[in-house]
Amino acid sequence: MPHVVTNRCVDCKHTVCVAVCPVDCFHEGPNTLWIDPEECIDCAACVPECPEEAIFEVEDLPAEYNSAIEENAEKCKTLPVIVDTSDPLMARPDCKKS
Ligand code: F3S
């Protein structure tokens, strides 16, 4: 089962997850990232890197984030791949420091 980015990423977007992904499965939207389920190899390297704890393996996904499964797959069809980290967005007051 692939990993998915949840809305905990929204407006924080640290992008440190991108640096450890061995298969370039992250895609970038204006205020969040998404994981392409067709590319994710389930290495889980990104999970402990995210300061927002925004990334889950599908089987461990809390029910409140169930819609993220379809959203990740759909968004990755049109949004560009991101391969380099960038400055965190940090546009939400509760974003953690990275
Ligand atoms: Fe988002 Fe966490 Fe990556 S906030 S951009 S999933 S490191």
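Trainee: Starting with R92, is that residue buried, partly exposed or exposed?

Mentor: R92 counts as partly exposed, because its relative accessibility is 22%. Buried means under 20% relative accessible area, exposed over 50%, and partly exposed in between, using a 1.4 Å probe and protein chains only. Keep in mind that this is a predicted model, where local features need pLDDT of at least 70, side-chain atom pairs count only at pLDDT 80 or more, and totals for chains, interfaces and linings use all residues. Residues are numbered from 1 along each chain as its sequence is written, and side-chain values use heavy atoms, with hydrogens and water left out.

Trainee: Okay, and which residue does R92 meet in a salt bridge?

Mentor: R92 meets D94, at 2.6 Å from N to O. A salt bridge here is a side-chain nitrogen of Lys or Arg within 4 Å of a carboxyl oxygen of Asp or Glu. D94 is partly exposed too, at 46% relative accessibility.

Trainee: Which residues make up the network of salt bridges?

Mentor: E52, R92, D94 and K96 are linked in it.

Trainee: How many salt bridges does a search of the whole structure find?

Mentor: Five. One of them joins K13 and E28, at 2.9 Å from N to O. That pair links distant parts of the chain, 15 residues apart: K13 sits in the loop between β1 (3-5) and α1 (16-20), and E28 in strand β2 (residues 26-28). Helices (H or I, at least four residues) and strands (E, at least two) are DSSP runs, numbered from the N terminus.

Trainee: Is K13 buried or exposed?

Mentor: K13 counts as buried, because its relative accessibility is 9%. E28 is partly exposed at 26%.

Trainee: How much space lies in the largest cavity?

Mentor: About 100 Å³. It has 15 lining residues, and C9, H14, T15, C17 and C50 are the closest to its centre.

Trainee: And how much is in the second largest cavity?

Mentor: About 70 Å³. Its lining includes H3, F26, I35 and D42.

Definitions and conventions. 1 Å grid on protein atoms, 1.4 Å probe; cavity = no way out; pocket = protein on both sides within 12 Å on 5 of 7 lines; lining within 4 Å. Points joined across faces, edges and corners; volume = space filled by probe spheres on them.
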